[in-house]
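Morning, everyone. I have one structure for you today, and a few minutes to walk through it. Please have a look at the screen.

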There are 2 protein chains.
Amino acid sequence: MAGIKDVAQEAGVSVGTVSNVLNGRKGRTSTETRARVLAAVEKLQYTPNAAARQLKSGLTQTLGLVVPSVANPFWGAVSHHVERAALEFGYKVLVCNAEREVAREATYAEDMLGSSIRGVIFGSSPVSMDHLRDLAARGLRVAAFDRRSRGASGVVACSVSIDQELGGRFAARHLIGLGHQRIAFVSGPISTSSRIGRLAGLRAAMEEAGLVLEDRHIWQGATRPGFGDTEGAQLGRAAVRELLAQRDPPTAIFTANDMYALGAYAGARDIGARVPGDISIVGFDDIVFAEIMQPPLTTIRQPIGRMSEIIVRRLIHDLEDGRRGDAGGGAHVDITPELVVRASTAPPPDHGRGNS
Amino acid sequence: MAGIKDVAQEAGVSVGTVSNVLNGRKGRTSTETRARVLAAVEKLQYTPNAAARQLKSGLTQTLGLVVPSVANPFWGAVSHHVERAALEFGYKVLVCNAEREVAREATYAEDMLGSSIRGVIFGSSPVSMDHLRDLAARGLRVAAFDRRSRGASGVVACSVSIDQELGGRFAARHLIGLGHQRIAFVSGPISTSSRIGRLAGLRAAMEEAGLVLEDRHIWQGATRPGFGDTEGAQLGRAAVRELLAQRDPPTAIFTANDMYALGAYAGARDIGARVPGDISIVGFDDIVFAEIMQPPLTTIRQPIGRMSEIIVRRLIHDLEDGRRGDAGGGAHVDITPELVVRASTAPPPDHGRGNS
DNA sequence: CTGAAAGCGCTAACAG
DNA sequence: CTGTTAGCGCTTTCAG
């Protein structure tokens, strides 16, 4: 491993000069010296040691991204977009998988702080950000993706998310418009602001239509830890089976994300129910598979490209520009989700034939 | 940000002592001092600065993982497993997305070397590892996942992959056993050892059965850069449409991975062909969605949990134990893939009714 | 315009 | 058992 010293020697200059041509302002070295240094760098295949550099400067050009589940393509896509956006600012991104475990979130954040990473984006997870309060107090800039900063005063520097509740309303209205009256909600633990919001939207829209969301139609699965791979799909599958076994089964299901919806397809198939003939399904996220599934899934799309760009821009700006002590008031930007109607929804089975 | 110095002061000891209780052997400090130090650490919320630490030791406890596409859940799952395995050894993993671009692979590797990351796992990508030769020469331990080290003498320290060719044979034999004679191969650029191997296996098995794999049945799509999200699915979709429009269309399709297969479903649907009635499809990887798709996809499974564990163990061992200059001979371990028969394959349409 | 020298926070000898 | 001290590789004043 060649060091800056070797380069200096090779070029016949001092280390200070090398450092200057490598990152000092242009005007500080003669073109000729500059060329010699560059040649030496090339010849020696010199790569500056990032550890030393950041030790000195105290800064890193990398952002952290903590996602709740790499097994869900939605987060894969988010990683993709966040990385892309960060790259434009010359930042790299370190992706961590929290497996929806609060403890892991905190551990990762801790590690990052130790690695001089000063800004971390957290993907939807627990409502409370309290476990990150310490870190924030110690200088970590916390950004939230798909999660509101509600009640997390002082810890979240900025956040983006779609208007979750509105998303829920879109789904509900579409279903209600089709004639559905018994709509179920299926989800894993309803403990993230995104899920809570989606459910709230569903409930609100139903109430506005004079319908009631029954408790037994809220299917909240437990997440088995370490079950990441299949998690969502499995839950959705189990959910449909149970829901459709009820006396007055729902005629439509709104799921907290597309993974559950896809699992629901499998569940429906297991018991011989047809989508959307016997049961309508609307998902959330619009992952690539949504369009490919048979039938193509009606879902609520989150414009993650735009969202990623916003959050990255804000975080970096905040990091570089605002070094003013406090963690900011938590500027939140709300994006409007979009209903994508495909083929997994239709009027309920008994529609138009009278029903009592 | 509290430093070791502050802790020392708070505890009324020297920095050396603090350092010792934090990572020196246990026997070197009195229980009492130890307690005081720990208390100070707690009180000050001290987190050691990783940059400084690694600057001193020259080592990092983090591995790099470069995957070709985060949009493909297969790689999401691999990240998951690699991370899990690394964690057991106390390592973290930095996941990078190369988007199947050689240049990005090299750039990332370069960055990592600069960040004192000494070991990187590369997921299937270009056959040649030449672009990494420099890095390897400069001390980077390169491990390959799902990619043979063939011809990369001196650059790859170790690798794991399934026997790709065998996987291709499994798929082919299954299809041939069903009565198929015109089998197509659909894939993106056939420029990775994995794809080349899979195709070779298909061809070999067909020849053994006295069949011939026609060139026009080898559908090789171009990858549009930055198209990551939908890439695979789109290609598969286009492929089926074109393939089935030929005079003597194939009756079965073997795809280089499940994403293509899933796209193929969409393509078949586009033109009103039924799977497996009109066209049989077998994929590769066995991603979660394979089982959920309608019809469930017949595919070749890669035991990624086991593979991840092997590669991580080897890399770390190699990194910690063997500091013997050369990059090793490239110990490769081959895993046997597994044919998972589901419902996307059936005898060809004209089977048993004579066919000319 | 270029060289010398002082650390960044930490670890690892080596003294005491 | 604990304190001192010399750097790790680099950036950055500050002289020359």
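How many salt bridges are there between chain B and chain A? The count is two. Keep in mind that this is a predicted model.

Let me take one of those bridges. Glu291(A) pairs with Arg237(B) in a salt bridge. Their closest N and O atoms sit 3.3 Å apart.

Next, polar contacts. Between chain B and chain A, 12 residue pairs are in polar contact, with both residues at pLDDT 80 or more.

Which parts of chain B touch chain A? Seven names to follow on screen: α4 (50-57), α5 (73-88), β2 (92-97), α6 (102-114), α10 (231-243), α11 (258-270) and α12 (288-292). Each of these supplies at least two residues to that side of chain B. The most comes from α5(B), with eight residues. Sorted by class, the side of chain B that touches chain A has 27 nonpolar, 14 polar and 13 charged residues.

Now the whole contact. Chain B brings 54 residues, and chain A brings 54 residues. The size of an interface is often given as the accessible area lost when the parts come together. Between chain B and chain A, about 4,600 Å² is buried. Carbon and sulfur atoms give 57% of that area.

Last, confidence. Chain A has an average pLDDT of 86. In chain A, 91% of the residues score at least 70. One stretch to flag: over residues 323-329 of chain A, pLDDT stays under 50. The model has 10 contacts for that stretch beyond four places in sequence. Where pLDDT is low, the predicted coordinates should not be read in detail.

Technical notes
Residues are numbered from 1 along each chain as its sequence is written. Chains are lettered from A and ligands numbered from 1 in the order in which they are written. This is a predicted model: local features need pLDDT of at least 70, side-chain atom pairs count only at pLDDT 80 or more; totals for chains, interfaces and linings use all residues. Side-chain values use heavy atoms; hydrogens and water are left out. pLDDT is the predictor's confidence in each residue, from 0 to 100. Contact means heavy atoms within 4.5 Å. Buried area is the accessible area (1.4 Å probe) that two parts lose on being put together, summed over both. A salt bridge is a side-chain nitrogen of Lys or Arg within 4 Å of a carboxyl oxygen of Asp or Glu. A polar contact is a pair of N or O atoms within 3.5 Å; within protein, one must be able to donate a hydrogen and the other to accept it, and residues adjacent in sequence count only if both atoms are side-chain atoms. Helices (H or I, at least four residues) and strands (E, at least two) are DSSP runs, numbered from the N terminus. Ala, Val, Leu, Ile, Met, Phe, Trp, Tyr, Cys and Pro count as nonpolar, Asp, Glu, Lys and Arg as charged, and the others, Gly among them, as polar.
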